[in-house]
Amino acid sequence: MELHHRRVIEGKTAAGKWGVLEDGEASARESYEIEGSAFQIVHLWNVATLSLDTSDHAHESRLTDIFTSPPGSSKFFIESMPPTAEPSGWHRTNTIDYEYIISGRIDLQMEDGSSVTLEAGDVNVQLGGMHQWWNRYEEPCVFVIVMVAVESDEEPGMPGSSSAG
C-alpha cells in the first residue's frame, strides 16, 4: 500500500496577505525494504526553527535526521511500518513526539521493560525516552508523527551506533 496525501500550505503571500501557498501531492518520500515489505515515510513539513517562516525542508528530510534535530525545529510526517520478525532497535531522540495511530497496531517497548500495544485511534506522547517499536502483527501500522526538538541532557541516537548526534 503506497501512501498518498494532499498537502495544503497556507501562509503570508508575496502580496502580504494570508493565502494558500501550495496545494498538491506530498512528494517528499522515503521507502526502505524491511524483511521483504515496504517501510514508507511521507515528509509533510520540516522546519529548522519555531516560527511562521514558510521555508519548508521536507524535501531534504531523511528518517536518520531525527537524531540530529536542533532545538526549536519540528518535523511532521506519516509513517507506514510493516510487520517484522524483530523490534526496530533501541533509540531515543531529543524531541517531544506526538504520535497518532491511523491504522494497524504496533508495540512500543520502553527501556524499563514496560510495553504497550497501540491501535488505530490511539495517541502516544513520547518525551525523548529510550524505546523501540515492534510491529509483530499481520498488517502495516500507519501513524502520523509530529516531532518538536527540545534541549535535552540525554544523547539522541541508537546505542552502540554512529547515529548519535
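Predicted model: local features only at pLDDT ≥ 70, side-chain atom pairs only at ≥ 80, totals over all residues.
**Entry 1**

Is Y32 buried, partly exposed or exposed? I looked it up: Y32 counts as partly exposed because its relative accessibility is 34%.

Residues are numbered from 1 along each chain as its sequence is written, and side-chain values use heavy atoms, with hydrogens and water left out.

Next I searched the whole structure for aromatic pairs and found two. For such a pair, I write down the distance of the centres and the angle of the planes. Rings of Phe, Tyr and Trp (its six-membered ring) pair if their centres lie within 6.5 Å; planes under 30 degrees apart count as stacked, over 60 as edge-to-face and the rest as tilted.

Y32 and F39 make one of these pairs, with 6.1 Å from centre to centre and 45° between the planes, and I noted it as tilted. F39 counts as buried, because its relative accessibility is 6%.

The other pair is W133 with F143, also tilted, at 5.3 Å between centres and 40° between planes. This pair links distant parts of the chain: W133 is in strand β10 (residues 131–134) and F143 in strand β11 (residues 141–149), 10 residues apart. Strands here (E, at least two residues), like helices (H or I, at least four), are DSSP runs numbered from the N terminus. Both W133 and F143 are buried.

**Entry 2: a charge over a ring**

Which residue lies over the face of W134? I found R136 there, 4.1 Å from the ring centre. The rule I used: NZ of Lys or CZ of Arg must be within 6 Å of the ring centre and within 35 degrees of the ring normal.

**Entry 3: salt bridges**

Side chains of opposite charge can pair when their charged atoms come close. I counted a salt bridge where a side-chain nitrogen of Lys or Arg is within 4 Å of a carboxyl oxygen of Asp or Glu. How many does the structure hold? I got five.

I started with R7, whose side chain meets that of E22 in a salt bridge of 2.7 Å, N to O. R7 belongs to strand β1 (residues 6–12) and E22 to strand β2 (residues 18–25), 15 residues apart, so I marked this pair as linking distant parts of the chain.

R7 also forms a salt bridge with D56, where the closest N and O atoms are 2.6 Å apart. D56 sits in the loop between β4 (37–47) and β5 (74–81), 49 residues apart from R7. Together, R7, E22 and D56 are linked in a network of salt bridges.

How covered are these three? R7 counts as buried because its relative accessibility is 8%. E22, at 34%, counts as partly exposed, and so does D56, at 21%. I also checked R7 against L44: they are 37 residues apart in sequence and 7.0 Å apart in space, C-alpha to C-alpha.

One more bridge went into the notebook: R29 with E25, at 2.7 Å between the closest N and O atoms. R29 is partly exposed at 28% relative accessible area, and E25 is partly exposed at 41%.

**Entry 4: a nonpolar patch**

Which residues form a nonpolar patch on the surface? I listed Y98, Y100, I102, V123, V125 and L127, with about 590 Å² of accessible area together. Areas come from the Shrake-Rupley method with a 1.4 Å probe, and for residues only the protein chains shown count as cover. Patch residues have over 30% relative accessible area and no salt bridge; nonpolar side chains (Val, Leu, Ile, Met, Phe, Trp, Tyr) are joined within 5 Å, and like charges within 9 Å.

Strands β6 (95–103) and β9 (123–127) each supply at least two of the patch residues.

**Entry 5: confidence**

pLDDT is the predictor's confidence in each residue, from 0 to 100. The protein averages 89, and 96% of the residues score at least 70. Where is confidence lowest? I found that in strand β3 (residues 28–34), at a mean of 84, while strand β8 (residues 115–119) is highest, at 98.

S31 is in that strand β3, and counts as exposed because its relative accessibility is 53%. Its C-alpha atom is separated by 8.8 Å from that of V42, 11 residues apart along the chain.

Key. Buried < 20%, exposed > 50% of the residue type's maximum accessible area, 1.4 Å probe, protein only.
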